[in-house]
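Have the sequence and the 3D view ready before you read on.

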Amino acid sequence: TNALVPNNVSEAAGARQERARFLFNDTTQERVRSLFEQVTSSMPPSVPPNRSVNRSMPNTQTIPTSVTIGSPISNHPQRRGSRTRGNVWSWGITRHCENPDCYLNGTLHRSLYSVSEANNGLSYESCYRLGSKIVADGRGGLWIQEACGGDNPNWPVLHKNRRREVEKYEIPRDAEMVSDGNGGVWAMSSGGYSDVLEIQRFLPNLTQDVATVPRQSMIFYGPGGKVWVHVQRSTEDYQMSIEEPLEEGLTLVGSRSKRFIGTTSNRISFSEGEVDSDGFGNLWFLEENDVMEALVLKRILANGDYEETGFEFPLGGSEVYGCGSSSGVFVFHQSPECDDFEGQLSYISHDERTNQWSSAVVGECPTDTKFASDGNGKLWALMVDDDDECMYWKCNNIGMDPIHEWGLSFASTDLIGG
């Protein structure tokens with residue numbers, strides 16, 4: 001096991017990260033309305049049909065490329081409080097939801113559904129204004145920052161699960177949120193500043209100001225109530241005076257602790273799709289190899305070490321998806337076996353008995369397929385097939401199965417991990 005290698009961040013990596021921040025903020029009201037101008041014409045007026053299907057998908061045969069895969073995904077233990085693990089959340093945009101008394105009916109708004117593998121497992125939950133934001137809570141529920149009108153700088157944050165929805169906090173409206181996994185929320189926002197971001201932790205009856213970072217910084221779900229903070233500075237940032245700044249690189253931040261992990265290589269872009277939590281507080285990431293011809297799958301652990309799987313993937317379009325497993329991860333990537341509009345989903349796992357990593361092909365999917373963890377070692381996928389049917393699929397280490405049809409616009413639908 002090796003420590004992170006110190007290196008300066010290249011301008012190219014900085015540009016990739018700026019694009020990632022642009023994508024991350026895709027839930028702002030202006031961008032959602034712009035998106036809707038493109039998709040409303042093709043949106044059906046009806047609500048999603050709650051139908052299960054029993055069809056098989058071609059090209060889902062497992063093809064081992066190394067030693068046998070480790071323990072079955074179904075044997076991964078559920079964590080404390082994980083009563084709805086295995087499901088996923090989905091919200092799309094509609095004018096007419098399943099609640100006839102919804103005060104938003106007749107206007108474009110977000111409609112939230114919970115999705116499970118049961119025959120009636122596509123269930124309407126509630127509705128929210130455009131511009132609302134949503135993140136997984138790490139235990140099968142959600143944190144939802146509900147958009148409000150007017151000039152209020154703070155928006156209410158609701159905790160939502162299958163049993164209830166409760167307002168918990170008020171957080172700056174421009175904040176990026178990450179769950180702390182323990183009933184609180186980490187938020188990174190401008191705090192009224194134009195050139196820096198404030199990192200705060202919101203807990204019941206307590207708000208903690210933890211750190212100030214440059215605007216290029218990013219946050220990720222961490223272990224034990226903590227949050228990963230990746231700091232990248234521009235030339236202008238070095239000229240600013242930031243009180244007690246975090247070092248450039250990766251730091252594991254808690255309410256009363258800041259553990260610097262290391263300066264990250266310029267071959268890690270930290271862009272959307274190339275970094276994801278494993279669900280246990282560690283980070284999967286894709287890093288360019290020494291000759292910059294491929295991306296290597298690795299994992300940063302909370303102690304600062306990292307694991308190398310030895311598997312490489314194409315530079316363009318590869319994405320890593322943690323799934324709530326400590327020994328397995330999914331990667332969606334280009335493959336010579338796929339046509340120009342398809343990608344291959346692979347499952348990479350570690351066998352503790354042999355201490356080896358192995359890879360298996362799960363299936364082939366359209367390149368615009370949307371994925372989200374089920375929190376219990378598997379992956380949900382939403383895709384449009386050759387017959388223009390939009391379908392939920394459940395993916396495991398040996399294949400994928402169709403579960404439900406989806407009637408709202410695919411383009412405006414987001415999946416949120418369970």
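Which side chain makes a polar contact with the side chain of S90? The partner is the side chain of Y392, at 2.6 Å. A polar contact here is a pair of N or O atoms within 3.5 Å; within protein, one must be able to donate a hydrogen and the other to accept it, and residues adjacent in sequence count only if both atoms are side-chain atoms. S90 sits in strand β2 (residues 88-94), and with 0% relative accessibility S90 counts as buried.

A quick word on what you're looking at: this is a predicted model, where local features need pLDDT of at least 70, side-chain atom pairs count only at pLDDT 80 or more, and totals for chains, interfaces and linings use all residues. Residues are numbered from 1 along each chain as its sequence is written, and side-chain values use heavy atoms, with hydrogens and water left out.

**Salt bridges**

Side chains of opposite charge can pair when their charged atoms come close. A salt bridge means a side-chain nitrogen of Lys or Arg within 4 Å of a carboxyl oxygen of Asp or Glu, and by this rule the count comes to 12. Here are some of them:

| Pair | N to O distance |
|---|---|
| D414 and R110 | 3.4 Å |
| K394 and E117 | 2.8 Å |
| D374 and K394 | 3.4 Å |

How is each residue covered? Buried means under 20% relative accessible area, exposed over 50%, and partly exposed in between (1.4 Å probe, protein chains only). K394 is buried at 6% relative accessibility, and D374 is buried too, at 2%. E117, on the other hand, is partly exposed at 45%. R110 counts as buried at 5%, while D414 is partly exposed at 28%.

There's also a network of salt bridges that links R267, E287, D290 and K298.

**Out on the surface**

Now look for D339, D340, D386, D387 and D388: they gather in a surface patch of negative charge. Such patches are made of residues with over 30% relative accessible area and no salt bridge, with like charges joined within 9 Å. D386 lies in the loop between β26 (379-384) and β27 (390-395) and is exposed, at 80%. D388 is in the loop between β26 and β27, and is exposed at 66%.

N355 isn't a glycine either, and has a positive phi of about 60 degrees. You'll find N355 in the loop between β23 (342-351) and β24 (356-366), exposed at 58% relative accessibility.

How values were computed:
Patch = residues over 30% accessible without salt bridge, like charges linked within 9 Å, V, L, I, M, F, W, Y side chains within 5 Å. Areas by Shrake-Rupley, 256 points an atom, 1.4 Å probe, with all protein chains shown as cover. Lys, Arg positive; Asp, Glu negative; His and termini not counted. Charge placed at Lys NZ, Arg CZ, Asp CG, Glu CD. Helix = DSSP H or I, 4+ residues; strand = E, 2+ residues; numbered from the N terminus.
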